[in-house]
Amino acid sequence: MFVTFEGPEGAGKSTAIRSLATALEQAGYSVLVTREPGAGSFGKKIRALLLEQGDVVPEAELLLFLADRANHVETIIRPALASGTIILCDRHADSSVAYQGYARGVDIDFLKRGNSFATKGLKPHLTLLFDLDPVVGLQRIGDGRDNNRLDHEPLEFHRKVRAGFLDLASQEPERWVILDATKAPDALCADALAEIQRRLSR
Ligand code: TYD
């Protein structure tokens with residue numbers, strides 16, 4: 001099963017993914033934790049290019065995210081899926097639509113086509129949206145902002161990202177589950193685990 005985690009900065013995805021991986025492994029599943037951008041050695045190089053400070057035009061930014069995704073899907077995600085592993089992926093195609101599309105202004109239809117080109121049509125079975133007001137998210141990450149070029153975008157950018165995710169979730173309600181990321185980490189993780197287990201038992 002391919003599960004993606006989406007949401008604004010500071011929503012607690014990474015912490016939840018670590019706890020979920022432990023819980024699922026204890027239940028006997030094989031689990032792969034991965035992320036975009038930055039999986040594998042090629043992905044790490046692209047991640048460094050994407051997140052360091054400096055000017056990059058939106059089109060170049062998008063193509064780098066898509067390059068990372070194409071390589072990630074083909075070399076890491078598909079083989080893991082084929083072996084029956086549960087994949088917990090911190091951000092994926094929907095982040096490009098929310099960040100580069102809704103917030104940055106790149107054409108959404110083009111983005112969706114670009115995503116299906118990069119993934120050769122592979123879609124997550126479940127996408128968990130860690131929904132949070134960006135004011136709270138940015139406060140939570142505090143000094144960590146220095147590490148990521150996109151964190152430095154103005155609040156209005158992050159509001160558009162959030163609205164974008166909510167819009168995407170409303171378009172595909174079967175794939176998406178919206179979680180309240182203001183909850184305490186344990187409660188949030190329990191909600192996420194319940195959703196994954198529900199799908200696994202189908
Ligand atoms: P990261 O440090 O992984 O952030 P987070 O912990 O919030 O997931 O940085 C990834 C950044 O890249 C984040 O700001 C979201 C952004 N991003 C895009 O703009 N487009 C994309 O397609 C992806 C995958 C991420």
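**View 1. Helix α2 against helix α3.** Gly40, Phe42, Gly43, Ile46, Leu49 and Leu50 of α2 meet Glu61, Leu64, Phe65, Ala67, Asp68, Asn71 and Ile76 of α3 (contact: heavy atoms within 4.5 Å). By class, this contact of α2 with α3 holds eight nonpolar, three polar and two charged residues. The model is predicted: local features need pLDDT of at least 70, side-chain atom pairs count only at pLDDT 80 or more, and totals for chains, interfaces and linings use all residues. Residues are numbered from 1 along each chain as its sequence is written, and side-chain values use heavy atoms, without hydrogens and water. The axes of α2 (residues 40-51) and α3 (residues 58-82) come within 9 Å and cross at roughly 165 degrees. That makes α2 roughly antiparallel to α3 (an angle over 145 degrees).

View 2. A polar side-chain atom of Ser96 lies 2.5 Å from a ligand oxygen atom. For Gln100, a side-chain N or O atom is 2.8 Å from a nitrogen atom of the ligand. For Arg69, a side-chain N or O atom is 3.0 Å from a ligand oxygen atom.

**View 3. Helix α4 against helix α5.** Helices α4 (residues 93-103) and α5 (residues 108-119) pack at about 155 degrees, with axes 10 Å apart. That makes α4 roughly antiparallel to α5. Ala93, Ser96, Val97, Gln100, Gly101 and Tyr102 in α4 meet Ile108, Leu111 and Asn115 in α5. The contact has five nonpolar, four polar and no charged residues.

Key
Axes are lines fitted to C-alpha atoms, for helices over the stretch in contact, and angles run from 0 to 180 degrees between N-to-C directions. Helices (H or I, at least four residues) and strands (E, at least two) are DSSP runs, numbered from the N terminus. Angles under 35 degrees count as roughly parallel, over 145 as roughly antiparallel, 65 to 115 as roughly perpendicular and the rest as oblique. Ala, Val, Leu, Ile, Met, Phe, Trp, Tyr, Cys and Pro count as nonpolar, Asp, Glu, Lys and Arg as charged, and the others, Gly among them, as polar. A polar contact is a pair of N or O atoms within 3.5 Å; within protein, one must be able to donate a hydrogen and the other to accept it, and residues adjacent in sequence count only if both atoms are side-chain atoms.
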